[in-house]
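Reader: I am new to this structure. Please walk me through it and tell me what each term rests on.

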There are 4 protein chains.
Amino acid sequence: MESIKVGIINVTGYIGIDLARLLHQHPGVSLVSVTGRSAAGEKLGKVFPHMAGVDLDITAELGNVDVAFSALPHAASAEAVARTLEQDIKVIDISADFRLNDIPTYEEWYKVTHPAPELLGEAIYGLPEINRSEIAKARLIANPGCYPTSAILALAPALSEGLIDPDIIVDSKSGLSGAGRALTMTTHFAETNESTSAYALGGHRHMPEIRQELQKLSEDQEVSITFVPHLVPMTRGMLSSCYAGLRKEISEEEVRALYRDFYRDEPFVQVLDNPPQTKHTLGSNLCLIYPAIHPHTRRLIVISCIDNLVKGGAGQAVQNMNLMLGLPETMGLEQKAIYP
Amino acid sequence: MESIKVGIINVTGYIGIDLARLLHQHPGVSLVSVTGRSAAGEKLGKVFPHMAGVDLDITAELGNVDVAFSALPHAASAEAVARTLEQDIKVIDISADFRLNDIPTYEEWYKVTHPAPELLGEAIYGLPEINRSEIAKARLIANPGCYPTSAILALAPALSEGLIDPDIIVDSKSGLSGAGRALTMTTHFAETNESTSAYALGGHRHMPEIRQELQKLSEDQEVSITFVPHLVPMTRGMLSSCYAGLRKEISEEEVRALYRDFYRDEPFVQVLDNPPQTKHTLGSNLCLIYPAIHPHTRRLIVISCIDNLVKGGAGQAVQNMNLMLGLPETMGLEQKAIYP
Amino acid sequence: MESIKVGIINVTGYIGIDLARLLHQHPGVSLVSVTGRSAAGEKLGKVFPHMAGVDLDITAELGNVDVAFSALPHAASAEAVARTLEQDIKVIDISADFRLNDIPTYEEWYKVTHPAPELLGEAIYGLPEINRSEIAKARLIANPGCYPTSAILALAPALSEGLIDPDIIVDSKSGLSGAGRALTMTTHFAETNESTSAYALGGHRHMPEIRQELQKLSEDQEVSITFVPHLVPMTRGMLSSCYAGLRKEISEEEVRALYRDFYRDEPFVQVLDNPPQTKHTLGSNLCLIYPAIHPHTRRLIVISCIDNLVKGGAGQAVQNMNLMLGLPETMGLEQKAIYP
Amino acid sequence: MESIKVGIINVTGYIGIDLARLLHQHPGVSLVSVTGRSAAGEKLGKVFPHMAGVDLDITAELGNVDVAFSALPHAASAEAVARTLEQDIKVIDISADFRLNDIPTYEEWYKVTHPAPELLGEAIYGLPEINRSEIAKARLIANPGCYPTSAILALAPALSEGLIDPDIIVDSKSGLSGAGRALTMTTHFAETNESTSAYALGGHRHMPEIRQELQKLSEDQEVSITFVPHLVPMTRGMLSSCYAGLRKEISEEEVRALYRDFYRDEPFVQVLDNPPQTKHTLGSNLCLIYPAIHPHTRRLIVISCIDNLVKGGAGQAVQNMNLMLGLPETMGLEQKAIYP
């Protein structure tokens, strides 16, 4: 049986190269093509020593594949996606280009004209725990952002069950790989090590994405999201602390049972009895969730932890691919976190 | 002129030894006595190599001093404070023993019978930006906790001016020195490095302290505090993100002006135009504050940064001492942060 | 076909739990038994949240297995190894008990009477790149220490080819997981973060192990090792810088070619053209080696990088198991490093 | 009495801004002028929030000062130094331009024609522990590099006393602030955090500087230095491990006594009885030294720790300034390290 061929457009960013790690190890597909602009012509294992021994050339153009992942920046990605779909290649788009359903919202937040608005209608938001069946039938997946993944998984059970007021605060803490591989003062080691900061207080692009997806889970009320992202001095890992008022009398045990029930069959979501640490997700596709009720204010607090590059990026993309190809959803993603 | 003699009870914890650093350098007082149980009989500079060259013995009992700082754990501290006050020595208590005005609240949160309830009445909560004149007249100061310092300074202007609803969320991120010098799995390097976690979701002892002090600033409404502390992988530094609904139509510029006005003459509070980093406070007594209005939900967000061991501990204690002794408030505290 | 059953004695240390990660994912064996004292009776996935979902109880005694890994401390390990071998179970001993061939040397460095000296004769030093064929036939493997693995792999080609004087300096830098899971002041986050230190300058237990194994590769001269280990503020990773005088006229290119040739068929050793980083080995069984000649002193310098818990511990143990069982040597170890 | 006016040319690098911190707090001089290209026209406290409240403009040209510090890159610095000396301003040059006595050596390593060779003759190498009296009389100081400071202080006693063979290995570990404030992949947080690496194995510019200065202390033999610098994931701090063969029968206690004697009156050098950590020097001008004899090879090992930006840069420059101006050598430098 011939193996399914997959490729990565723009392998040289952090999600791109983490996709290469996961796809290289995936038993159901063959990673046969990786592209990159500046590194074109070089061996993957030369540019990335942890891939030493992997025989793949970085090329300027994508080779012959069945499924492509685009890890290009927004706008550039939509253009590449459109060209790729025309060749009957299924696409999982890591960029934000097909996440927002509403073009004016996209153009307000991303400050560009959308390069392929005609494709928006068929793009499926690739959060398998919410949209599994649509993903399985799609030819274009909008892979969620890292902050939205952590926030939506934390809040979906509570919102779906009508448990909370939809005026929600999401306070997220991210490791610095989330800021990408491009050099900036914010990601300069001496500026950011031993330091915590808040940013994007005037509005972050992941806020409308969180709001849109949570709105779909809240039939009767308009969702409002106050979202503040923070940078903490670690490479990988994301913890979101979500706050919302409870609409019902309910005990912490009942909330936890409700969450467990909601995620009962999910291979990549674990509802815990103790607050989680991001460390326990490092390198894995796991999302750890801990719901609690603040004893004095009776507010619901939900803590979620993911590896921002795996469940918040490359791992989720592979999970989507598995669904699209009819492979077991966990294939190639069984790897446990690297602890300690 | 003879110099004022000061001493530290229990110098071997992180706030205790940071007090030694600050008092040793202080031009207006002489650090003449430091106590410690396990290290009694040793040279300070032997136990703490960064103090090499400082000629001070760690003793079991406090020597002859004018002012004492108690850095003992709670309950043990109150006992030592009572004994010390009897000798006509002014005391700045770093522990929590005299922070809560209400004995049942203290006993609920600290699970001990208060050893010196008769002293509670005269103890002054040592946040100079709020209680400067009372501090100057006090003989017993309850030095604030680190989380309360960061939260109260962030919220005092908004609450005092009646700007916000008093249902407030405080999401704090602390470096690990805040967890002290005692060995625990939580502070074991391999368990906590490259990891962020939330803790004390069932209630943290600093919550009633924050609520009590903010309530004093809010005449007409009952203050409610949802407080969640987090640990981030850095040694020093604390950032609190505070969220509250606005009660008035006001622009971000007006809020910032109001904050600047409130802290106009404060030597250790700076209101910034950009979100701050904890790094810019390392080793200094500075509190950096950034108020903002979330563009979509119109919620007030205030970010504050301190060094948890300085403005959140030893530095604030020295600031209180300066006030009690009639010395210039900034004496011995002019040191800028170590950057980068 | 029934799968091979394996077990871990003392799973709760860092190498023990990393073995659990690797063996759980191993396609050729089944991890059926894990022991632990304090945690006996608990679920593995409860004690270690990154293993959430793995259905294994921690027990007091080892179950029925074909191969056992002992991750007990020295002396305790030899006792357990002896008992286990009696049950016809092959053993890979992670402790130092069977690494030193000479009992007086063992007892000098480990300060205990050897509990099972009769087994020393058959124990094979489990460095596959050097002892592959003996490992395949052994029933007892002494799994090498982390520092020795990094030093021996760095120096074996040069010593075997008679390239260098055998008066060698090994300056090693280790992440803090190497210091184990037991709580100590050295591994307390606030004491060790943002700090580098040297230790064991009076002699480290891995020195005689390095010397013994390198001596076997140096026929005509007595090997002398000056070994200084250092702690650097990272969780995982080990870099050894090895210095030795050259005995021959040889160019850097020729040295590199000699190294490449020596390791030509090794799946887990890569000789690089540029100095490596420990980061590129995180979580993987890879050893990266970079030999160079100092331009002014003509001294050979060899840099090697490993993950101290994988190639320096659990991964190497699995590699040894594969050889002992006749499985492909790389089985279960193909996982690439987590980068960044 | 009018205060001495000092200025900093190019304040925006890490040593430049650390000079500003130290000079601002210095009781014997007034920092009146700081220059910077890109930031010219801005307030110092705006560009560097930890200096908030300091009323200084960054200007394009140096104002009227008595002493200037040049923190420009090499070559550019020599040009500025020449212009500044012409105005009868004493200069402390932080760059490497006047450190090497031999012009061909300078031009070989720095790949530029020396812009001011006529000044080399009068420049004094500013290591006060070695050249105190010459520094006091100089009008141009070549402030030492960070690696040379740590290596020379570690080796000066042994070499001066003829204790060791002059074939020396220096294995240094540096925090990343030593790599400067310019953005590079090497200093990108996600690339360098949780990672240790060796670099410049083909030769580092500080090697000839170390060799030159150690040669001056070794009358009868030619000094040879094998120097390998490493980067470890911390912001500040440098530890050098120096290795050399002993020429004499001597005990470790005698070596330590010899070192203590050599540095008996030095305010900024402490010879310790236990291996030091870089952490105990953070933000201070202290150099901690620990000499030992390896028990099996009888090789001398000397460990030294400094803060690379203070004793390895800005603090040493201030120490030199104090000597040049006849001020107490420790003035403005009494600040203890920030611990933990």
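Reader: What makes strand S1 (residues 4-9) and strand S2 (residues 29-35) of chain A a pair?

Author: Bridges do. Two strands pair if DSSP finds at least two bridges between them. S1(A) and S2(A) have five, in the parallel sense, so they count as a pair. Within the pair, A:Val6 stands opposite A:Leu31 of S2(A). Strands themselves are DSSP runs of E, at least two residues, and helices are runs of H or I, at least four, both numbered from the N terminus.

Reader: Where do the residue numbers and chain letters come from, and what kind of model is this?

Author: This is a predicted model: local features need pLDDT of at least 70, side-chain atom pairs count only at pLDDT 80 or more, and totals for chains, interfaces and linings use all residues. Residues are numbered from 1 along each chain as its sequence is written, while chains are lettered from A and ligands numbered from 1 in the order in which they are written.

Reader: Which strands of chain A form the open sheet, and in what order?

Author: Seven strands form it, in the order S3-S2-S1-S4-S5-S7-S6, with parallel pairing.

Reader: Why do strand S3 (58-59) and strand S6 (124-125) of chain A stand at the edges?

Author: Each has a single partner strand, so one side of each has no neighbour in the sheet. Helix H1 (residues 14-25) of chain A packs on this sheet and touches S1, S2 and strand S4 (67-70). H1(A) makes about 155° with the direction of S2(A). Such angles run from 0 to 180 degrees between N-to-C directions, with axes fitted to C-alpha atoms, for helices over the stretch in contact.

Reader: How is chain A divided into domains?

Author: Domain 1 is 4-143 + 312-325, and domain 2 is 147-306. The bounds come from an automatic or database domain assignment. Taken over C-alpha atoms, the domain centres are 24 Å apart.

Reader: How many residues of each domain of chain A are in contact with the other?

Author: Contact requires C-beta atoms, placed from the backbone, within 7 Å. By that test, 17 residues of domain 1 are in contact with 18 of domain 2. On the domain 1 side, helix H4 (103-110), helix H5 (128-137) and helix H10 (314-325) of chain A each give two or more residues. That side has eight nonpolar, seven polar and two charged residues. Nonpolar covers Ala, Val, Leu, Ile, Met, Phe, Trp, Tyr, Cys and Pro; charged covers Asp, Glu, Lys and Arg; the others, Gly among them, are polar.

Reader: How many residues of chain A are in contact with chain D?

Author: 13 residues of chain A are in contact with 13 of chain D. Helix H7 (residues 189-192) of chain A gives the largest share of the chain A side, three residues.

Reader: What makes both faces of strand S5 (residues 90-93) of chain D covered?

Author: D:Lys90 and D:Ile92 on one side are buried, and so are D:Val91 and D:Asp93 on the other. Buried means 20 or more other C-beta atoms within 10 Å of the residue's own; 12 or fewer means exposed, in between partly exposed, with C-beta atoms placed from the backbone.

Reader: Which strands does S5(D) pair with?

Author: Four bridges join S5(D) to strand S4 (residues 67-70) of chain D, in parallel. D:Val67 has D:Lys90 as its bridge partner. Three bridges join S5(D) to strand S7 (residues 140-142) of chain D, also parallel. There, D:Val91 stands opposite D:Leu140.

Note on methods. Two residues are in contact if their C-beta atoms, placed from the backbone, lie within 7 Å.
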